[in-house]
Amino acid sequence: MAVSGIISAIIIGLIIGALGRLVVPGRQAIPIWLTVVIGIIAALIGSAIARGLGVATTPGIDWIELVIQVVLAAAGVVAAVALYRRRSVG
């Protein structure tokens, strides 16, 4: 993977992770690096799901793929918040 690919993945992960955080109500007590990691993973899995459904390549913006990625990122943020909360309490 080239350096530009890594930088692109980080930027897309940041955007998808931030959108996922915005969807989840309340304050999320997780670090920004974890948001980026969740966003990168959600973007990769969301793209694979969209490809499997046959909606990954559409004319214009791939809204369905974006929605899948954001929903996955929101689920990842919820899971991360639950794990962080449990870890800090115990």
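Arginine 85 counts as exposed because its relative accessibility is 52%, where exposed means over 50% relative accessible area, buried under 20% and partly exposed in between, with a 1.4 Å probe and protein chains only. This arginine sits in helix 3, which covers residues 63-89. Helices here are DSSP runs of H or I with at least four residues, strands are runs of E with at least two, and both are numbered from the N terminus. Between the C-alpha atoms of arginine 85 and leucine 14 there are 22 Å, and the two are 71 residues apart along the chain.

Before going on, a word on the model: it is predicted, with local features needing pLDDT of at least 70 and side-chain atom pairs counting only at pLDDT 80 or more, while totals for chains, interfaces and linings use all residues. Residues are numbered from 1 along each chain as its sequence is written, and side-chain values use heavy atoms, leaving out hydrogens and water.

## The overall picture

The protein has 3 helices and 0 strands, and from the N terminus on its elements run α-α-α. Its C-alpha atoms fill a box of roughly 50 × 30 × 20 Å along the principal axes.

Of the 90 residues in the protein, 32% are buried. The protein exposes about 5,900 Å², with carbon and sulfur atoms supplying 75% of that area; accessible areas come from the Shrake-Rupley method with a 1.4 Å probe, and for residues only the protein chains shown count as cover. Looking at contacts, meaning heavy atoms within 4.5 Å, 64% of those between residues at least 6 apart in sequence join residues at least 24 apart.

## Where helix 1 meets helix 2

Helix 1 and helix 2 pack at an angle of about 100°, and their axes are 6 Å apart. The axes are lines fitted to C-alpha atoms, for helices over the stretch in contact, and angles run from 0 to 180 degrees between N-to-C directions. The two helices are therefore roughly perpendicular to each other, since angles of 65 to 115 degrees get that label, while under 35 is roughly parallel, over 145 roughly antiparallel and the rest oblique.

On the helix 1 side, the residues in contact include Ala9, Gly13, Leu14, Gly17 and Arg21; among their partners in helix 2 are Ile32, Thr35, Gly39 and Ala43. Arginine 21 belongs to helix 1, residues 3-23. Leaving aside residues up to four places away in sequence, arginine 21 touches Gln28, Ile30, Pro31, Thr35 and Val77. Its C-alpha atom is separated by 10.0 Å from that of valine 71, 50 residues apart along the chain.

Isoleucine 15 is also placed in helix 1 and is partly exposed, with a relative accessible area of 46%.

Leu14, Ile32, Trp33, Val37, Ile41, Leu44, Ile45, Ile49 and Leu53 make a nonpolar surface patch of about 880 Å². Patches are made of residues with over 30% relative accessible area and no salt bridge, joining like charges within 9 Å and nonpolar side chains (Val, Leu, Ile, Met, Phe, Trp, Tyr) within 5 Å. A salt bridge is a side-chain nitrogen of Lys or Arg within 4 Å of a carboxyl oxygen of Asp or Glu.

Helix 2, residues 32-53, gives the most to this patch, with 8 residues. Valine 37 is found in helix 2 and is partly exposed at a relative accessible area of 36%. Leucine 53, also in helix 2, counts as exposed at 60% relative accessibility. The C-alpha atoms of leucine 53 and glutamate 65, 12 residues apart along the chain, are separated by 9.7 Å.
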